[in-house]
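The sequence and the model are shown first, and the main points follow by topic.

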Number of protein chains: 2
Amino acid sequence: MNIIENLEWRYATKKFDPEKKVDEETIEKLKKAIQLSASSYGLQPYKILIIEDEALKKKLQPASWNQSQIVDCSHLFVFCSDATITDELTDDYVKLKAEVQSLDLADLQGYGDFVKKKLSEKPGHEKASWTTRQAYIALANLLVACAELKIDACPMEGFEPSQYDEILNLSKQGLKACALTTVGYRSENDTAQHQAKVRKPMEILFEKL
Amino acid sequence: MNIIENLEWRYATKKFDPEKKVDEETIEKLKKAIQLSASSYGLQPYKILIIEDEALKKKLQPASWNQSQIVDCSHLFVFCSDATITDELTDDYVKLKAEVQSLDLADLQGYGDFVKKKLSEKPGHEKASWTTRQAYIALANLLVACAELKIDACPMEGFEPSQYDEILNLSKQGLKACALTTVGYRSENDTAQHQAKVRKPMEILFEKL
């Protein structure tokens, strides 16, 4: 199967089979696909919570428009973007880059300063918007990885970020919940699996110049 | 090759071989992977310009921090998100859904009204932020598809959206350039291809609950 066949196979799962759980080895593969996501300047300004705890999922359901996927899924991935852009984000990246690529940290200082300057120039509300956009690349990678592994998934924006922040104590970590993905196995009774995919026609979506 | 191997293979290409062009059949596959992207409510609030014209790429280079990839790549993908969220966006989707799934348009009106209400509740600056986030899912799909097809790519935020808007006449179409991806084949001399990948460690990126 190639990516196009995999993307044709996947659909936003409306009803999961609550009895079927995704095994740990598969979850590790999904995590790896997320870890390898591209991000602006390579900064990965986000963190992903993976929730299996049934009581916690139940607690989050009312904060998620009461959608059944939250409790019936095997694992709930909560994408949390950095609420602000700190200098520490760049400093940590530069330090990691120096380690991984065996470079002299001092030689990377000019680059680090450039990145910090560029990020500091973003207007206030654009900062959280930027970190969230990066998290969406990671979310997309999760969806493609799920499809390849024949794991069902549903990306979800239908939840109350402020309630998630409170229940998961995110503000103290400088985080803000920006998107969810419920992961598991579809219920046989999920009628959504039989619906034809609705996508904008090529000639509307693209223009060649 | 699976998605993890493909993601390990890819890198943000700094120097393309200007002599090597991606063939049309491959471009069609990349477009298909983009078209199949998930989006909130399925609305796909964006359009993608695919630029091959050398003169136009040259004109865009100064608006792209003078980066060489803009002119040396084979194809420049410009992701343009909807600048505003119009009711037309939902109306078009509902109409398309009725057609594709052979449903009665009248039966979808309640759903359409719900979506419009939800979108209208978003604060002003959050609207463009939301359309842009959806475009980033499409951008991520492009990167994964390129990696699978062994096409090199570089996602880029380093450009001046207002200049792109002017050169490409985007405002009149209700669009705003939000991200680029240059696509082509790496130059043998691109040293970036030999650098080890820098990614946040698993234990920092994820938390299990």
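Two residues are in contact if their C-beta atoms, placed from the backbone, lie within 7 Å. On that basis, and leaving aside neighbours within four places in sequence, B:Phe79 is in contact with B:Tyr46, B:Ile48, B:Ala135, B:Ala138, B:Leu139, B:Cys178 and B:Ala179. The model is a predicted one.

**Chain A as a whole**

- Chain A holds 9 helices and 5 strands.
- Read from the N terminus, the elements of chain A follow the order α-α-β-α-α-β-α-α-α-β-α-β-α-β.
- The C-alpha trace of chain A spans about 60 × 50 × 35 Å along its principal axes.
- Of the 209 residues in chain A, 44% are buried.
- Among the contacts in chain A with a separation of 6 or more, 82% are between residues 24 or more positions apart.

**The sheet that ends in S5(B)**

- An open sheet is formed by 5 strands in the order S3(A)-S4(A)-S2(A)-S1(A)-S5(B), and its pairing is mixed.
- Strand S3 (152-156) of chain A and S5 of chain B stand at the edges with a single partner strand each, so one side of each is left without a neighbour in the sheet.
- On average, neighbouring strands of this sheet are turned by 20° against each other, direction ignored.
- S1(A) and strand S2 (residues 75-82) of chain A run antiparallel and are joined by 6 bridges; in this pairing, A:Ile51 stands opposite A:Leu76 in S2(A).
- Helix H7 (residues 124-148) of chain A packs on the sheet, where it touches S1, S2, S3 and strand S4 (175-184) of chain A. The direction of H7(A) makes about 10° with that of S4(A).
- The link to the other chain is a parallel pairing over 3 bridges between strand S1 (residues 46-51) of chain A and S5(B). Here the bridge partner of A:Ile50 is B:Lys208 in S5(B).

**The sheet that begins with S5(A)**

- A further open sheet has 5 strands in the order S5(A)-S1(B)-S2(B)-S4(B)-S3(B), again with mixed pairing.
- The edge strands of this sheet are strand S5 (206-208) of chain A and strand S3 (152-156) of chain B, each of which pairs on one side only.
- From one strand to the next, the twist averages 20°.
- S2(B) and S4(B) pair in the antiparallel sense over 8 bridges, and B:Val78 stands opposite B:Leu180 in S4(B).
- S3(B) is paired with strand S4 (residues 175-184) of chain B, also in the antiparallel sense, over 5 bridges. B:Asp152 stands opposite B:Gly184 in S4(B).
- S4(B) is mostly covered, with 10 of its 10 residues buried.
- Helix H7 (residues 124-148) of chain B lies across strand S1 (46-51), strand S2 (75-82), S3 and S4 of chain B, and runs at about 10° to S4(B).

**The nonpolar core**

- The largest nonpolar core has 96 residues, and those that touch the most other members are A:Val78, A:Phe79, B:Val78 and B:Phe79.

**How the two chains meet**

- In the interface, 54 residues of chain B are in contact with 54 residues of chain A.
- The elements giving two or more residues to the side of chain B that touches chain A are helix H1 (3-9), helix H2 (24-35), S1, helix H5 (87-100), H7, helix H9 (202-205) and strand S5 (206-208) of chain B.
- H7(B) gives the most to this side of chain B, with 13 residues.
- The residues on this side of chain B divide into 28 nonpolar, 11 polar and 15 charged.

**Symmetry of the pair**

- Chain B is superposed on chain A by a rotation of 180° with 0.0 Å of shift along its axis, at an RMSD of 0.0 Å.
- The two copies are thus related as by a two-fold rotation axis.
- The same surface serves both copies, since 100% of the contact residues of chain B recur in chain A.

Definitions and conventions
Residues numbered from 1 in each chain as written. Chains lettered and ligands numbered in written order. Predicted model: local features only at pLDDT ≥ 70, side-chain atom pairs only at ≥ 80, totals over all residues. Pairing = 2+ DSSP bridges. Helix = DSSP H or I, 4+ residues; strand = E, 2+ residues; numbered from the N terminus. Axes fitted to C-alpha atoms, helices over the stretch in contact; angles between N-to-C directions. Nonpolar A, V, L, I, M, F, W, Y, C, P; charged D, E, K, R; others polar. Least-squares fit on C-alpha atoms with pLDDT ≥ 70 in both. Buried ≥ 20, exposed ≤ 12 C-beta atoms within 10 Å, placed from the backbone. Core = buried A, V, L, I, M, F, W, Y, C linked by C-beta atoms within 7 Å.
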